[in-house]
Amino acid sequence: MASNPNVTVPGTVFVGGSGVLITNQSVAYSFSGAGTIGGTAPMNKWGTNRLTLDVTSELPLTIHQGIVEGAGAIGATVVESGSKLNFSGSINRLATSGATTLLPGATVANTVSVEAGTLTN
């Protein structure tokens, strides 16, 4: 994927198995489009670079390192210590021990849990 770090999701894509692993130490990645990333497999973000999610994703997301930003819709999200989430879209459940900023327009359904991290609204 490093040859094309900008992924357009035009329709519905179902993810199974071990899910989506993003390791981006040196390249910033983005997912955008009118489509949906569906399923229950996890999306894991490792690496210190940025990931932009301007797409609908039902996948549970864990941010282990780096920054995730965007204005799409994301599944249940865990922000680990040392990582960041800057988001203006919708989030289905949020647990953070990292730094989370909910930008104007952001919504969180279900529960919000802040465990030694920061939540700015």
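This is a predicted model: local features need pLDDT of at least 70, side-chain atom pairs count only at pLDDT 80 or more; totals for chains, interfaces and linings use all residues.
Reader: How many helices and strands does the secondary structure of the protein come to?
Author: Both kinds of element are DSSP runs numbered from the N terminus, where a helix (H or I) needs at least four residues and a strand (E) at least two. Counted in this way, the protein comes to zero helices and 15 strands.

Reader: Why does the radius of gyration of the protein agree with that of a compact globule?
Author: The radius of gyration is taken over C-alpha atoms, and the globule rule is 2.2 Å times the number of residues to the power 0.38. Along its principal axes the C-alpha trace spans about 35 × 30 × 30 Å. For 121 residues a compact globule would have a radius near 14 Å, and the two agree because the protein has a value of 13 Å.

Reader: Which strands pair with S4 in the parallel sense?
Author: Two strands pair if DSSP finds at least two bridges between them. Strand S1 (residues 6–8) pairs with S4 over three bridges, and Val7 stands opposite Phe31 in S4. Three bridges also join strand S2 (residues 12–14) to S4, with Ile37 in S4 as the bridge partner of Val13. Six bridges join S4 to strand S6 (residues 50–57), where Ser30 has Thr52 as its partner, and the strands asked for are therefore S1, S2 and S6.

Reader: How many of the ten residues of strand S4 are buried?
Author: Buried means under 20% relative accessible area, exposed means over 50%, and partly exposed lies in between, using a 1.4 Å probe and protein chains only. Of the 121 residues of the protein, 40% count as buried. Strand S4 (residues 29–38) is mostly covered, and its number of buried residues is seven.

Reader: What separates the C-alpha atoms of Ile74 and Met43?
Author: Ile74 lies in strand S9 (residues 73–74), and it counts as buried because its relative accessibility is 4%. Not counting residues up to four places away in sequence, Ile74 touches several residues, including Leu53, Phe87 and Ile91. Ile74 and Met43 are 31 residues apart along the chain, and their C-alpha atoms are separated by 10 Å.

Reader: Where is Ala116, a residue other than glycine with a positive phi?
Author: Phi is near 70° in Ala116, and phi of Asn110, in strand S14 (residues 107–114), is also near 70°. Asn110 is exposed because its relative accessible area is 55%, and Ala116 counts as exposed because its relative accessibility is 82%. The place of Ala116 is in the loop between S14 and strand S15 (118–120).

Technical notes: Residues are numbered from 1 along each chain as its sequence is written. Side-chain values use heavy atoms; hydrogens and water are left out. Contact means heavy atoms within 4.5 Å.
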